[in-house]
Amino acid sequence: MSTPLIKADNLTVGYNIGKSLLSKQVLKAVNGVSLEIEKGSFFGLVGESGSGKTTLGRALLKAAPITGGGAFYDDGEVRYDLTSLQGAQLKDYRKRAQLIFQDPYAALSPRMTVRDIIAEPLEVMGLTKTRAETDERVREIAAKCRLNLEHLRRFPHAFSGGQRQRISIARALVSGPQFVVADESVAALDVSIQADVLNLLKQIQRDMGLTFLFISHDLSVVAHTCDHVAVMYLGRLVETAPTRKLFEAPRHPYTKALFSAIPSLDPDDRGRAQKLTGEIPSPTNQPSGCKFHTRCPHAIDLCKSQEPTLEHVGDQHEVSCHRWRELIEVPA
Amino acid sequence: MTSLIDVENLTLKFRTDEGLITAVDNVSFSLNKGEVMGLVGESGSGKSVTAKSLMHLNARNAVYTPESKITLHTDTGPVDVLSLKKPSEMQVVRGGAISMIFQEPMASFAPAITIGSQMVEQLMLHSDMSKAKAKEISVEMLDRVGISDPSKRFDQYAFELSGGMRQRAMIAMALSTKPKLLIADEPTTALDVTIQAQVIDLMKDLVDEFHMGIIFITHDLGVIAQTADKVCVMYLGKLIEEGPVREVIRNPKHPYTQGLLAALPRLDDLDSPLTPVPGDIPSPLERPSGCVFHTRCPQIIGDVCRRDLPTDTKVDPTHRVACHLHSAKEAQG
């Protein structure tokens, strides 16, 4: 097994939300998450809104405050401890770790040409010395993202959603990062375009040897793009496994419920799946024991009192559930 | 089956600085009572605009051609929707016979007025019931859509509710006037899959209970497969395929419908590559000549696609498609 590029060790991101000095309350958006992202992998992170997946992604980019545990970056050239990263090292990390945003309509400045949008990171980070050099880097990355010279002269309003997302991707990649966080990068796109952008991301990842953290709420998209998937619920990691294994044999009741909630394309398959009731609880008022027990159809008394830890289930497959052994035969 | 709404030759253009933009081009369909129709298409295909014209709800710069006709069959007789002029006349349609649910429930509720007073307000507007009676019905509806503690929620504001809860409240509000037709514009797109499944189940129950017609607008064919009786597929303002849900999903005829289905990531086959529909949807300012889909069509047969508008071909009595591939076949056979 190769060395992980990103390693999170009991990582916690907390925000103080107490209104007065006396009632200090901490909202733990990410709560003790440990994971390893191997170099050159396409790592998927799934969960409902409020599960903490975006916050985890940002913490790994050093864009959210890490309040507990640690996170490390190691690309062979440099090794950074993200909790104490600052100054010149932080600036260097910004070149090595980049983010692709969800909404390509909001992420691009309407007043800049596409060329300027893609060139901005190079100028801000001082990666190129002359304008000619900048232009060359921009053209190179634009070609990889299937944008031609004509496109570079235009403004974002002239582009469709899929093209805009390709511009966002080009901008994220222009600084030559090793680690890219793609946060719901296809969620705002139409189905016919979504497949195109996913194929592009995969191709770039293979060609340039990048490591992706792909955050999504859409399991079918994750199934088709990622090598390894982690499922989050209320700031906790509940299950992590290689994609194929997770989809063939999900162990956590929450993962099973997520699968069964995907609308089936078979019109004769209506209403067969068992649906999850209720909604994700508020992170300020988290349930005791297993965070999922309030919605879990299989919860017992133990689940209410004691929080499960991640257990080894199989090769690289871990699950955090008291009853996973008993529930193997139980479908979602 | 009796018809609930008939749309004939609906053509709608928007007057803009760049000239007239065609948003909907000669669309005809009808919906029966108690039937659920799915309206599928990419952004810019004209699906929302079509739905809004059923309530005469499009912006002021909308121009309907004289051939366009929308007939709504109410208990008191047919109403010609597009001929309605005054707001007081339109009230019969808007919120009366037809209700609409929007994609973003937060944007659909007034933020500074409680959910309850918004529900009561519209009930009193559309009927002559007392305030107390309106409140009673509102609380009852909130309870019906699965909102716990409805009398407490009645006095809350939209921001105090979670996304799924807000969409339920939206549905409760839309149904409290007992509309004949419910238009749901991407009602589950902003929700998580688990909550989406709950809302879909709820809507299915409500169709059975209230026996109304529903037009379900979405780009998600999975949602359509789970809810609709029949499907209309739109592309650049054109209705390109219409048929029963099983037929369209299992046996799509139009290359665009086939492309949409192929682009969906399937969970039952992780090895199959994702096949996008090539190219991008053209700008409405540069509508392609002939068949609007020819610029992206992988099965283009030649100049006929670039030059001539395809006409509707019936592949069976309930399934029609507008594509030269099929009109050619029919001419031969």
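A crossing of two helices is left-handed if the near helix is turned anticlockwise from the far one by less than a right angle, and right-handed if clockwise. The model is predicted, so local features need pLDDT of at least 70 and side-chain atom pairs count only at pLDDT 80 or more, while totals for chains, interfaces and linings use all residues. Residues are numbered from 1 along each chain as its sequence is written, and chains are lettered from A and ligands numbered from 1 in the order in which they are written.

**View 1. Crossing of H3(A) and H6(A).** The crossing of H3(A) and H6(A) is right-handed. Helix H3 (residues 114-125) of chain A packs against helix H6 (residues 161-173) of chain A at an angle of about 30°, and their axes are 7 Å apart. The two helices are therefore roughly parallel to each other (angles under 35 degrees).

**View 2. Residues joining H3(A) and H6(A).** On H3(A), Val114(A), Ile117(A), Ile118(A) and Pro121(A) meet Ile167(A), Ala170(A) and Arg171(A) of H6(A); contact requires C-beta atoms, placed from the backbone, within 7 Å. By class, this contact has six nonpolar, no polar and one charged residues (Ala, Val, Leu, Ile, Met, Phe, Trp, Tyr, Cys and Pro count as nonpolar, Asp, Glu, Lys and Arg as charged, the others, Gly among them, as polar).

**View 3. Side of chain B that touches chain A.** In chain B, 35 residues are in contact with 36 residues of chain A. Helices H8 (193-210), H9 (221-227), H10 (245-250) and H11 (255-263) of chain B each give two or more residues to this side. H8(B) gives the most, with seven residues. The classes here are 18 nonpolar, eleven polar and six charged residues.

Definitions and conventions:
Two residues are in contact if their C-beta atoms, placed from the backbone, lie within 7 Å. Helices (H or I, at least four residues) and strands (E, at least two) are DSSP runs, numbered from the N terminus. Axes are lines fitted to C-alpha atoms, for helices over the stretch in contact, and angles run from 0 to 180 degrees between N-to-C directions. Angles under 35 degrees count as roughly parallel, over 145 as roughly antiparallel, 65 to 115 as roughly perpendicular and the rest as oblique.
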